[in-house]
Amino acid sequence: MTTVTMRHIARLGFAATLSALLTLPTSLGAQMVSASPTGLGMAGNNGAVARGASALGVNPANLGFPDNPGWSLVVPMAGVRQGISPVSLGDIADYEGRLIPDSQKDAWMQEIEAEGGQKGLGRLELSLFALSVGNFGFQVHTQGYADANLNPEAAELLLYGNAGRTGTPGDFSLDGSALDGSGITTFAFGGGFPVSGDGSPGSGILTLGANLTYSVGNMVGIARDAGSQVISDPLEVDVAFPVIHTATDEYDWNGGTGFGLDLGAAWMDGPLRLGASLANVFNTFEFTTDNLVYRPLDITFTEDGSSTDTDTRPIEEAPQFLLDQ
């Protein structure tokens with residue numbers, strides 16, 4: 001059984017007259033997202049000011065404040081996040097339409113080696129439906145993510161070709177390179193209620209809230225390098241990148257399920273607002289192996305010809321190091 005672990009996520013929020021916020025740490029795939037264009041514009045840092053349907057994804061306790069709307073509805077809304085490091089898309093865009101000088105490539109390689117590789121992350125957040133009525137809210141959202149890592153030698157190969165930084169053909173290994181991705185749909189029902197104070201000036205008001213979530217795994221893919229290399233003499237390219245992924249034949253988009261619980265607390269006194277939330281207090285979600293298949297992705301090119309092995313096979317034939325991910 002392949003398990004995706006939902007670690008605890010803590011959020012802290014603070015807002016004064018300028019609504020300055022602090023959120024720690026960054027959000028994790030498969031947890032709730034805020035169904036709010038404002039939240040997207042604030043990069044998710046709206047935990048202390050979100051109200052109505054927007055509050056469910058960041059802090060359900062906000063549903064208990066007196067300034068919460070009687071009802072609110074958010075129709076489908078999508079957000080995309082991406083980033084690569086340490087060499088960013090902005091760094092590459094600076095040389096659009098021009099050759100990248102070797103001095104710049106060398107500077108990038110020093111950064112990549114210091115970071116242990118070139119990393120990339122892409123994330124799609126799609127809130128399909130969000131509704132709040134009084135102190136309660138309901139939301140359906142889907143999240144997809146892809147996470148890639150190239151080891152320094154693989155990055156060097158991309159920047160310089162097989163001549164490498166020295167200009168002389170050499171051998172390269174892709175050991176440690178990886179690619180992960182998944183898609184998960186979550187249904188959440190939650191609420192928030194005042195537990196002390198009435199919100200009048202000087203008295204403040206404390207609210208507590210909770211979300212009960214039910215997640216369905218739509219798709220998953222896990223790939224790891226298993227000895228890929230480029231050999232200079234004699235010239236040979238061996239790609240060994242086995243992957244386990246969701247089978248597409250007669251698939252019903254349900255590759256695993258589980259329940260979770262999020263908790264929140266918030267306090268407001270005039271313009272001062274404080275909030276804290278803990279996502280995944282418990283979460284039983286996991287992808288099962290029932291709808292997964294194994295694909296070797298073993299490709300070899302030599303001066304004499306090529307060979308490929310990319311056919312799908314039962315998940316039981318996957319190497320153990322891949323099943324352990």
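Phe-287 is buried, at a relative accessible area of 1% (buried means under 20%, exposed over 50%, partly exposed in between; 1.4 Å probe, protein chains only). Phe-285 is buried as well, at 2%. The model is predicted: local features need pLDDT of at least 70, side-chain atom pairs count only at pLDDT 80 or more, and totals for chains, interfaces and linings use all residues. Residues are numbered from 1 along each chain as its sequence is written, and side-chain values use heavy atoms, with hydrogens and water left out.

The whole structure holds 6 aromatic pairs (ring centres of Phe, Tyr or the six-membered ring of Trp within 6.5 Å; planes under 30 degrees apart are stacked, over 60 edge-to-face, the rest tilted). One of them is tilted: Phe-129 and Phe-138 lie 6.4 Å centre to centre, with 55° between the planes. Phe-129 is partly exposed at 33% relative accessibility. Phe-138 is partly exposed at 32%. The ring centres of Phe-285 and Phe-287 are 5.1 Å apart and the planes stand at 80°, so this pair is edge-to-face. Phe-136, Phe-189 and Phe-193 form one aromatic cluster.

A charge also meets a ring. The charged end of Lys-105 sits over the ring of Tyr-160, 5.3 Å from the ring centre (NZ of Lys or CZ of Arg within 6 Å of the centre and within 35 degrees of the ring normal).
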